[in-house]
Amino acid sequence: MKLSATLLALMLGIAPAAATAPHASLPPALARAVAAFDRAQVEGDGAALQRLLADDYVLFNSRARVENKADFIRDYTAPGYSLKPFTIEHEVVRHWPGGAVLGGVVTLEGTSEGKPFKARLRFADIWRERDGHWQVIFTQATRVPTP
């Protein structure tokens, strides 16, 4: 896994610390899925990511590359990769029956191939409910300057 691919793929989630207050208005099943997705990213839990990402998941990352579900899971579970817990700023939370958009600005820190990284990104995740299960179907990420 390359650092640039990891930074680009990292845009997929809502921080555990921010998941309680802004997400109180979400349907309970979606709020649980968002929290599980947060944990899966930070813990590198490939099985949880497999469940929480739709099979047709697409990421438009911050370097204008397109990635899929397999790419994302590979990056988050790679040896030498870790992600620190993060907090979302300027959150956007919109939901409707069967769908939602969750996003904001995040500063991500961790290691990739054993080397430290830090990136500030604006992102939007699109969630879909199918057969009673919520999954992320699409993410868009853009780099933003550090304040």
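**Exercise 1.** In which sense do strand β4 (residues 88-96) and β5 pair, and over how many bridges?

*Solution.* This is a predicted model, in which local features need pLDDT of at least 70, side-chain atom pairs count only at pLDDT 80 or more, and totals for chains, interfaces and linings use all residues. Residues are numbered from 1 along each chain as its sequence is written, and side-chain values use heavy atoms, with hydrogens and water left out. Begin with the terms: strands are DSSP runs (E, at least two residues), numbered from the N terminus, and two of them pair if DSSP finds at least two bridges between them. β4 and β5 pair in the antiparallel sense over seven bridges, and E89 stands opposite V105 in β5. Two residues lie between these strands in a hairpin, where G98 in the turn has a positive phi of about 85 degrees.

**Exercise 2.** Find the strand that pairs with β5 over 14 bridges.

*Solution.* The partner is strand β6 (residues 115-130), again in the antiparallel sense. Within this pairing, L108 has A119 in β6 as its bridge partner. In the hairpin of β5 and β6, E113 takes a positive phi near 55 degrees.

**Exercise 3.** Is Q135 buried or exposed?

*Solution.* First locate the residue: Q135 lies in strand β7 (residues 133-143). Then apply the cut-offs, by which buried means under 20% relative accessible area and exposed over 50%, with partly exposed in between (1.4 Å probe, protein chains only). Because its relative accessibility is 17%, Q135 counts as buried. Finally, the side chain of Q135 reaches the backbone oxygen of L53 at 3.4 Å.

Conventions: Helix = DSSP H or I, 4+ residues; strand = E, 2+ residues; numbered from the N terminus. Polar contact = N/O pair within 3.5 Å; in protein donor to acceptor, adjacent residues only side chain to side chain.
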